[in-house]
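Have a go at each task before you read its solution.

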Amino acid sequence: MKLAAKTDIGLGRAENQDTYRAARLPGGGVWALVCDGMGGARGGKAAAESAADAVQQEFAAGEQACPPGEEQAFLLSALRAANAQVYRQAQRSPANRGMGTTAVCVLVRDGVAHLAHVGDSRAYLYRDCEIRQLTRDHSVVQEMVERGAITRAEAAVHPRKNIITRALGVEPAVEPEYTSRTVCPGDILLLCTDGLTGPLRDESMAAVLANAPFLAVPEVLIQKALAAGGQDNITAVLIGVEDGEG
């Protein structure tokens, strides 16, 4: 499998509070994680880094920690461990109270992408020139869409679109959401923060995935988001499934 990733501070932030991790697994397959810190001066960057470190530690044990068939339990446990670590860190310092982070994590092996997430950082599947969102935003506007109160088009420009309903580290416990999809050669998985999906529509991202060389895609996506006025931190991580891996 191929990996490509890039993060950018964006046009309107003093620091980049996004972070990501991506690596191959000793027993085959790959994993990747994207976090978007929240809390401003109260530690958004620290929250994202702490959560990412916690998840990386869970994966460091390799296949022994996540035998085949246990992917869902492993990913949910990893994000709960990250939540506990960020929450403890926040409680140690009054300045960091209320800090938190989104997280979207994927483990790909044996032809299946296993996903767990908290917040509004997203995972997409690109296949046959079409892009499909795999995760469901944990946000106020997503709940409004599901109730039928607003349309998806209205959600994209709603003044409360950045308010999330779940995050790592804000409360002592959190419930991540899990999903999975079969993948095949030629598929591309995209993990990203709302700094990318805010300025760019799905069809714009699909056009980049269709036309840019794989390793250049994160940079091209970020430049398009910046050209569209992207104020927030922007992060894109790609996993490309190659022959013999689907």
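Predicted model: local features only at pLDDT ≥ 70, side-chain atom pairs only at ≥ 80, totals over all residues.

**Exercise 1: the aromatic rings**

Task: Work out how many aromatic pairs the structure holds, and which residues the ring pairs link into a cluster.

Solution: 
- Start with the count: there are two aromatic pairs here.
- Take W31 and F59 to begin with. Their ring centres are 4.2 Å apart and the planes sit at 5°, so this pair is stacked; the cut-off for stacking is under 30 degrees.
- Now place the two residues. W31 belongs to strand β3 (residues 30-38) and F59 to helix α1 (residues 44-60), so the pair ties together parts 28 residues apart in sequence.
- Both W31 and F59 are buried.
- Move on to F59 with F74, an edge-to-face pair with 4.9 Å from centre to centre and 75° between the planes. Edge-to-face calls for planes over 60 degrees apart.
- This pair, too, links distant parts of the chain: F59 is in helix α1, while F74 is in helix α2 (residues 71-92), 15 residues apart.
- F74 is buried, and so is F59.

**Exercise 2: the cysteines**

Task: Count the disulfides, then check C35 and C184 one by one.

Solution: 
- The rule asks for two cysteine sulfur atoms within 2.5 Å, and by this rule the count is zero disulfides.
- For C35, the nearest cysteine sulfur belongs to C105 and is 8.4 Å away, and C35 is in no disulfide.
- C35 has a relative accessible area of 1%, so it counts as buried.
- For C184, the nearest cysteine sulfur is that of C129, 13 Å away; C184 is in no disulfide either.
- C184 comes out at 31% relative accessibility, so it is partly exposed.

**Exercise 3: a charge and a ring**

Task: Find the ring that the charged end of K2 sits over.

Solution: 
- Look at F214: the charged end of K2 sits over its ring, 4.4 Å from the ring centre.

**Exercise 4: the setting of T197**

Task: Is T197 buried or exposed, and which residues does T197 touch beyond four places away in sequence?

Solution: 
- Locate T197 in helix α5, which covers residues 194-197.
- Check the accessibility: T197 has a relative accessible area of 14%, so it is buried, given a cut-off of under 20%.
- List the partners: leaving out residues up to four places away in sequence, T197 touches R122, Y124, C192 and M205.

Key:
Residues numbered from 1 in each chain as written. Heavy atoms only, no water. Helix = DSSP H or I, 4+ residues; strand = E, 2+ residues; numbered from the N terminus. Buried < 20%, exposed > 50% of the residue type's maximum accessible area, 1.4 Å probe, protein only. Contact = heavy atoms within 4.5 Å. Phe/Tyr/Trp six-rings, centres within 6.5 Å; stacked < 30°, edge-to-face > 60°. Lys NZ or Arg CZ within 6 Å of the ring centre and 35° of its normal.
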